Amino acid sequence: MTGTAARAVAEPLLPCLRRARDHIDRYYSRPLDLDQLAAVAGVSKYHFARCFEATYGETPIRYLTRRRLERAQDLLRAANLTVTEVCMLVGFSSLGSFSSRFAQLTGESPAAYRDRWAARGGPHIPGCYLFMRGVFDLGGTAGQPPEPDRAI
């Protein structure tokens with residue numbers, strides 16, 4: 001265990017870290033960076049990064065990436081969407097980065113993962129239905145999203 005992970009985090013900081021983690025869970029599909037997440041927690045970005053890793057066992061950006069990939073797995077299993085659509089929906093801006101990270105996590109490409117689940121015969125939600133119902137808005141046509149929560 002590294003020196004950072006072994007360090008205890010002050011108890012009053014835990015709700016702030018939880019708020020930032022909840023922010024990641026809620027807004028994972030948006031572009032998020034360390035400065036924004038630290039602002040949600042109300043601490044400096046370096047202190048935030050150290051404390052987040054000490055508390056949750058991974059850096060905030062690694063947690064964000066994992067959260068995006070978990071959501072991508074859900075979409076590839078259940079929705080009839082292309083890999084590129086899933087990539088963009090979960091917040092990746094590069095298909096190459098998405099595919100390589102996905103393969104690192106699952107051991108197979110996103111297309112192979114989707115095809116393996118499709119071969120099981122599970123029901124798929126048509127992608128057009130998801131877009132019509134406003135579940136996803138690839139082009140940002142639904143207007144501006146609500147402002148994210150901010151620390152006081």
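Biologist: Which residues line the second largest pocket?
Modeller: Ile61, Arg62, Thr65, Arg66, Leu69, Arg101, Gln104 and Leu105 do. A pocket here is an open set of points on a 1 Å grid over the protein atoms alone, where a 1.4 Å probe fits, with protein on both sides within 12 Å along at least five of seven lines; lining residues have an atom within 4 Å of a point. This is a predicted model, with pLDDT of at least 70 needed for local features and 80 or more for side-chain atom pairs, while totals for chains, interfaces and linings use all residues. Numbering runs from 1 along each chain as its sequence is written, and side-chain values use heavy atoms, leaving out hydrogens and water.

Biologist: Which element gives the most to that lining?
Modeller: Helix 5, with 5 residues. Helices are DSSP runs of H or I, at least four residues, numbered from the N terminus.

Biologist: Switching topic: how many salt bridges are there in the whole structure?
Modeller: The search finds 8, counting a side-chain nitrogen of Lys or Arg within 4 Å of a carboxyl oxygen of Asp or Glu. One of them joins Asp25 and Arg67, with the closest N and O atoms 3.6 Å apart.

Biologist: What does that pair tie together?
Modeller: Asp25 is in helix 2 (residues 14–27) and Arg67 in helix 5, so the pair links parts 42 residues apart in sequence.

Biologist: And Arg68, buried or exposed?
Modeller: Arg68 is buried and has no salt bridge; buried means under 20% relative accessible area with a 1.4 Å probe, protein chains only. The nearest side chain of opposite charge, Asp33, is 9.9 Å away.

Conventions. Buried < 20%, exposed > 50% of the residue type's maximum accessible area, 1.4 Å probe, protein only. Lys, Arg positive; Asp, Glu negative; His and termini not counted. Helix = DSSP H or I, 4+ residues; strand = E, 2+ residues; numbered from the N terminus.
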